[in-house]
Amino acid sequence: MKNSFTILEIILTIIISSIVIINSVYFSKELFYTNAKIQNIEILKLDLLSSKIFLEKNNIDLEKNLFYKDNTLYFKNKILLENVSIFSILKKSTHYEISLEIEDKAKEIWMISL
């Protein structure tokens with residue numbers, strides 16, 4: 001009787017340990033996927049911010065120097081941003097208004113002074 005109880009305890013311990021390990025692996029997989037997704041979004045935000053700063057520094061004749069072709073935004077024939085799905089630029093009296101959307105993940109409207 002004592003041996004059968006010990007075997008039952010071992011079986012229950014193995015079952016509980018297996019459940020904990022499987023759940024831990026699943027949680028780790030989800031955590032890795034979420035972190036990779038967040039990292040890509042943060043890199044995209046950093047690219048947008050650096051592009052905005054670049055355009056603020058080079059704000060002379062933006063409507064001539066900045067153009068959009070084949071989902072890519074160019075500045076003086078050099079690639080500025082890729083995977084741009086929507087782009088528009090408007091020149092107002094005191095500033096440029098640039099609207100863009102990247103990969104349906106981020107939409108920005110920039111006001112760049114003249």
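Student: How much space lies in the largest pocket?

Tutor: The model is predicted. Rolling a probe the size of a water molecule over the atoms shows where empty space is left. For the largest pocket, the volume comes to about 170 Å³.

Student: Which element gives the most to the lining of the largest pocket?

Tutor: The lining includes Asn40, Ile41, Ile43, Leu44 and Asp47, as well as Leu80, Leu81 and Glu82. At least two lining residues each come from H1 and from strand E3 (78-82). With five residues, the element that gives the most is H1.

Student: How do the lining residues of the largest pocket divide into nonpolar, polar and charged?

Tutor: Among the lining residues are Ile102, Glu103 and Lys105, and also Asn83. Counted by class, the lining has six nonpolar, two polar and four charged residues.

Student: In what order do the elements of the protein run from the N terminus on?

Tutor: The protein has two helices and six strands. H1 covers residues 2-57. From the N terminus on, the order is α-α-β-β-β-β-β-β.

Student: What radius of gyration does the protein have?

Tutor: The C-alpha atoms fill a box of roughly 90 × 25 × 20 Å along the principal axes. A compact globule of 114 residues would have a radius of gyration near 13 Å, whereas the protein has 27 Å.

Student: How far apart in sequence are the parts that Glu63 and Lys91 tie together?

Tutor: Side chains of opposite charge can pair when their charged atoms come close. The structure holds four salt bridges, and one of them joins Glu63 and Lys91 at 3.9 Å, N to O. Because Glu63 lies in helix H2 (residues 62-65) and Lys91 in strand E4 (residues 84-91), the pair ties together parts whose separation in sequence is 28 residues.

Student: How much accessible area does the nonpolar surface patch with Ile7 have?

Tutor: Ile7 lies in helix H1. Its patch also takes in Phe5, Leu8, Ile11, Leu12, Ile15 and Ile19. Together these residues have an accessible area of about 670 Å².

Methods:
Residues numbered from 1 in each chain as written. Predicted model: local features only at pLDDT ≥ 70, side-chain atom pairs only at ≥ 80, totals over all residues. Heavy atoms only, no water. Patch = residues over 30% accessible without salt bridge, like charges linked within 9 Å, V, L, I, M, F, W, Y side chains within 5 Å. Areas by Shrake-Rupley, 256 points an atom, 1.4 Å probe, with all protein chains shown as cover. Salt bridge = Lys/Arg side-chain N within 4 Å of Asp/Glu carboxyl O. Helix = DSSP H or I, 4+ residues; strand = E, 2+ residues; numbered from the N terminus. 1 Å grid on protein atoms, 1.4 Å probe; cavity = no way out; pocket = protein on both sides within 12 Å on 5 of 7 lines; lining within 4 Å. Points joined across faces, edges and corners; volume = space filled by probe spheres on them. Nonpolar A, V, L, I, M, F, W, Y, C, P; charged D, E, K, R; others polar. Rg over C-alpha atoms; globule rule 2.2 N^0.38 Å.
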